[in-house]
Amino acid sequence: MPANITESRDPATWGERLQGYRAQLDCRFPQVAEVFERCLIDALAVLSTEGVNAYIDHARVLSRMGRGVEPVLVFLEEWPSIAAILGEQALPSIARTIFTLGKSPNAKAIFPFLQTLAAVARRLPAAAQMQHYLDLALDLMQRTSGSIHGIHQTFASPALPEFFGQAPRLLHALSIAGLSRWVEYGIRNYHNHPERQRAYFSLQSPDSRAVLQRERHGTLLVDHERQLDLYLRGLWGDSALLVPYATNLEQSPQSVPYYDASGIRLPDVFDDAHGVSGIDRYRALLAHIAGHRRWSRPIFADNFSPMQRLAIEVFEDSRIEALILRAYPGLRRILLALHPKPLEGACDPETSSCLRHRLTMLSRALLDAEHGYQDVPLLEFVGRFRETMSRGESGSEEMAALALAYVARTRRQSDQLASVYFADTELAYRDDNRHLWRFHELSDDEEMFDQVRPASAGTELDRLPPRHYPEWDYQTQSYRPDWVSLYESLHPSGDAGHIDRLLEKHAPLARRLKRLLDLLRPQERTRIRYQEDGSELDLDIAIRSLIDFKSGANPEPRINMSHRTNGRNLAVLLLLDLSKSLAERVEVGNGVPGQSILELSQEAVSLLAWSIEQLGDPFAIAGFHSDTRHDVRYLHLKGYSESWGDLVKARLAAMQAGYSTRMGAAMRHAAHYLAARKAEKKLLLVLTDGQPADVDVPDERLLIEDARQAVGELDQKGIFTYCISLDRKADVYVGDIFGRRYAVIDNVERLPERLPELFLALTR
């Protein structure tokens, strides 16, 4: 039970008791003496007599640890509020944590630990949760503190102070289990990189924020980016790039969506709100921005006051929403749910600026015909707005004139007050309207958003957003979420005649393959005999049945026959490794260089494509290479709907070698297309000349294990994977990835011959 504070503050005894507690504390920091009495009063209000004694004793220990006055002060000030949440029985475990930190090179982390402990306790009020947090912190300290000889820790953890500083923010978004996974990810992936550790645990690195967003609840933009991009293109004909920005949980006010020449900036996560799902909130926001991009025109802002500009933005936003609802009236339910409805008369003009309140009421009335407001100027301008919109689409300049008239009619002296009434005035589905303004005089903090920067050479202006794929970490036996960014595009084209010349070069081989193909080519029709009902009469059976009938025997009634198509139910995707090593040339003898591996691959793929075309199997061809995990490129050479013709040949002719081989991501993306095919057998052929590798991966086993995991994922989807390797040393690693489903072609010059033969053997 708490100590009786009334008795403790008895003037007759309080001075004596205070001196006794000061003597027990035995701390000579003058800063502590200034706040001790106030802290003691707070402690007596929530702690028992034993709890107060333990409180003083632990403060004395902190004062003698040699870490200065800050840890003592923060403990004295914060522990009573912490104990009110956790109970005073939590003090021993917290004290053990402090003692462990003090005995290590991480004593400087004691202050941020204590400083944020009250906020952490509010998120983890249960004793088991708090213990989990303390254990997690000590594990982080143990695994990230450095050592010279590997025996005793000699260097402080770069991650621990940053972790303590960010803990309240992290726990605001994550459960304790999610926090554990977030911490584990940072330790595993940045164990040997102090600066990257510091960036990760301070939430400065993109990976840190990505894992945080993955572990938190809500609708993540990264998970729905392609869906929203197609929504924007399909419904609004707008191909602007969607660019996420990090949602700052502590920032107030929150960042606001906007668009400029580089794309549409959206929050990286939306929670469900007001009965509207996160994905619908994204749709409403994109509809609003797309409407601005279609119908709004910039206005010169220099001659308008901030009050006038705010009113113009409200009228223009309402005009855009009116036009949106003409096209898609089903959005009205979502907009009404997300738009606040301020209470008329809630703002007192004597004490606050009510401009935002009045404008939000007006905005609601312009959207909602059943708003119920009685304000006379508001009703007048609602009528003027609707009359204006009834004549057509109107325009930004016309809305500006209407807004100026409204401001002149409703202006109040209190609108200039510094205290602004904000309740029920935030519209999260609208952007910040920076696109609406132009300035005659440009300064350092003003930009001309209507000036689109010219694209640099080689930039693909109309490509889909990247796909994000996980990558398997064999050390932690877990996936790195959204680790790889894969960009897909059509391969550039070259001279289709070059492929025709390659096929002519291998004409003898083509004739030999033709004979094999004739044996495998499906027959157009297969006869099915002995049918009671069929498409035509089977004369042999009919005559035999007639003879049996004439001789008195039972005749055979099944005298008809039918036909069915006898085809191969197969889908094939040939995935080509286009890494830099393909440019190496093959020696033809005595050190004389011959053709490059790339040229031989062109010949082999051309013959294979010709062969598959003869069989009539649906097939696609794609290439890949990578330049770190941020840029894996997947190049379409032939799609399933394309025939083997000059367009495909032109792309094959332009094949070039470059960059590295991040195979796992490419196979996962190829599986995305193969899995969509309706076929009994789905075959992924991987043609490569080396082991998976990339410039940002020092551990050579990492990408091998990731490719192996990708093969297992494809097996679960019913996709048969087979590798054809041109690396003489492939036996060391290729079996780890593909098991027994591979072939090594030591003599690369035989590739044009072996590749079609291997395919025919696999598909018999």
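User: Is Asn-433 buried or exposed?

Analyst: This is a predicted model, in which local features need pLDDT of at least 70 and side-chain atom pairs count only at pLDDT 80 or more, while totals for chains, interfaces and linings use all residues. Residues are numbered from 1 along each chain as its sequence is written, and side-chain values use heavy atoms, with hydrogens and water left out. Asn-433 is found in the loop between α19 (396-410) and β7 (437-438), where helices (H or I, at least four residues) and strands (E, at least two) are DSSP runs numbered from the N terminus. Buried means under 20% relative accessible area, exposed over 50% and partly exposed in between, with a 1.4 Å probe and protein chains only; because its relative accessible area is 2%, Asn-433 is buried.

User: His-274 has a positive phi although it is not a glycine; which class of accessibility does His-274 count in?

Analyst: Most residues other than glycine have a negative phi. His-274, with a phi of about 55°, lies in the loop between β5 (269-270) and α14 (278-295). Since its relative accessibility is 62%, His-274 counts as exposed.

User: How are α8 and α9 oriented to each other?

Analyst: The axes of α8 (residues 127-144) and α9 (residues 160-173) come within 10 Å and cross at roughly 155°, the axes being lines fitted to C-alpha atoms over the stretch in contact and the angles running from 0 to 180 degrees between N-to-C directions. Angles under 35 degrees count as roughly parallel, over 145 as roughly antiparallel, 65 to 115 as roughly perpendicular and the rest as oblique. The two helices, α8 and α9, are therefore roughly antiparallel.

User: Which residue stands opposite Tyr-259 in β4?

Analyst: Strand β3 (residues 258-260) pairs with β4 in the antiparallel sense over 3 bridges, pairing requiring that DSSP finds at least two bridges between two strands. The two strands, β3 and β4, form a hairpin with 2 residues between them, and 4 of the 5 residues of β4 (residues 263-267) are buried. In β4, the residue opposite Tyr-259 is Ile-264.

User: What is the bridge partner of Glu-488 in β17?

Analyst: Strand β9 (residues 478-490) pairs with β8 (residues 467-473) in the antiparallel sense over 6 bridges, with Arg-467 opposite Leu-486. By 5 bridges β9 is also joined to β17 (residues 632-638), and these two strands run parallel. In β17, the partner of Glu-488 is Tyr-634.
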